[in-house]
Amino acid sequence: MSKALTIGKIYKEITGDKVVFSSQIDFGNQTQTLWYRLDAEYSDYFCDDRGDGLVASLLFFSLMNGADIVSTLPISEKLYYQLTYNLIPQLCRCNKSVISPIKIEAPLVSTGYPKASGVGCGISCGVDSFTTLYEYTRLVPLDSFKLTHLTYLKVGAHDGQIGKYDKEVQEGLFQSQLSHVKAFCTRYGYKLIVMESNLTEIIDRMFGFYNYEQFHSYVNAGTVLQLQKLFNRYYYSPGWCLDEFFVDVKKDAAHYERVLLPMLSTETTSFYSSNQAMSRIEKVRLISDFEQSYEWLLVCWLHKPNCGKCGKCIRTMLELDIIGKLELYRACFDLDEYFKKRDKYLRRIVQRRERDYFMKELYDYAIAHDIALPSPEHKNIVNRVFDSLRQRGVRQTLSIALQRLMRREL
Ligand SMILES: [Zn+2]
């Protein structure tokens, strides 16, 4: 007998200035209550009358666990068609040894929400979201494609930052980054919708831990579909361009997002990848023209403000340094500390370019723009002795070292 994941009706409860929507999810012998919480002022936009968002959010896990989806709530006909006739067969074909086709059972509804006219994207104040924000407030030439609302969703990004599900750490990161995002939106007058959920807690209990990068596109799009009464268009900032396209459910879903996102669209809400075909360095160049990013860029996975020491912080400072715009971000990073180790960081670009996509991009940019990089070989005394041993042998190396010692060269 095949397993099934069952999605129950959605119930609404208002507590103070918040509204909570909850639904019972059954899988195997487990029953969990999945909830979403948002400010009561946005409660009329929450779709409690159809299960599109829940199906989209749970689709990845149903596939990985071979479970059919049974939804008590109706789902949009367009979404049903796209998932069952296109996406699921294609995903299975590309991942034959990992997943096999599942069924979706639900009443269907072919009408959309005609009043939905909002245009949204997520905001984390990182490079990707600032690129999308700049692009769709200033650069896009079509008014109906310009942003009206920004979202900040708690559906797993904070677990992805630490590589495991940890309720307390997730909450701490969420609150810390939320305060930054809220302050930014207040400063520049953006409408911000904050949606919290226990989605990843439920996922972790029911299916075990999955790396966030495997499923982020599904759960973010799914959560936005819960707000279909608001959103007519929604942009998702891509991690990869189409030249890095491949379909592997064990890897970052961003690699096949440009196929996945349209398949998660409905009669009402259309998803688009933003940032056209920009590489990471092109995005950094773009936002360096966006003055709103100068004091608010937040890239650090683990700290607010930016720690300046983790891989993400150093990579971003290197990117800004290489394009000559790092000084604009003095409010975001401790640049004095960076400049103390600048040579070492620049050397990393050369040393790691063969194995690190982003270092390769920086290296190619530097070469193309005649930017000098330090030699990759920075040898301390131990390295020099080992090199000498390799080249000359033990006796000659010891002899040279002895002579140098006597001349105090060593
Ligand atoms: Zn950091």
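## Helices 10 and 13

In this predicted model, helix 10 (residues 311–322) and helix 13 (residues 357–368) bring their axes within 11 Å of each other, crossing at roughly 10°. An angle under 35 degrees counts as roughly parallel, so helix 10 is roughly parallel to helix 13.

Who touches whom here? Helix 10 puts in Arg315, Leu318, Glu319 and Ile322, and these meet Phe358, Leu362, Tyr365 and Ala366 of helix 13. Sorted by class, the contact of helix 10 with helix 13 has 6 nonpolar and 2 charged residues, with no polar ones.

## Helices 3 and 9

Now for helix 3 (residues 127–139) and helix 9 (residues 280–287): their axes come within 9 Å and cross at roughly 60°. That angle makes helix 3 oblique to helix 9, and the crossing is left-handed.

On the helix 3 side you'll find Val127, Asp128, Phe130, Thr131 and Tyr134, which meet Lys283, Val284, Leu286 and Ile287 in helix 9. The class count for the contact of helix 3 with helix 9 comes to 6 nonpolar, 1 polar and 2 charged residues.

## Strand 3 and its partners

Strand 3 (residues 30–39) pairs with strand 2 (residues 18–27) in the antiparallel sense, over 10 bridges. If you want a spot to look at, Val20 stands opposite Arg37 in strand 3. The hairpin of strand 2 and strand 3 has 2 residues between the strands, and Gly28 takes a positive phi near 60° there.

Strand 3 also runs antiparallel to strand 10 (residues 192–197), joined to it by 2 bridges. Here Tyr36 stands opposite Ser197 in strand 10.

Key: Residues are numbered from 1 along each chain as its sequence is written. This is a predicted model: local features need pLDDT of at least 70, side-chain atom pairs count only at pLDDT 80 or more; totals for chains, interfaces and linings use all residues. Axes are lines fitted to C-alpha atoms, for helices over the stretch in contact, and angles run from 0 to 180 degrees between N-to-C directions. Helices (H or I, at least four residues) and strands (E, at least two) are DSSP runs, numbered from the N terminus. Angles under 35 degrees count as roughly parallel, over 145 as roughly antiparallel, 65 to 115 as roughly perpendicular and the rest as oblique. Two residues are in contact if their C-beta atoms, placed from the backbone, lie within 7 Å. Ala, Val, Leu, Ile, Met, Phe, Trp, Tyr, Cys and Pro count as nonpolar, Asp, Glu, Lys and Arg as charged, and the others, Gly among them, as polar. Two strands pair if DSSP finds at least two bridges between them. A crossing is left-handed if the near helix is turned anticlockwise from the far one by less than a right angle, and right-handed if clockwise.
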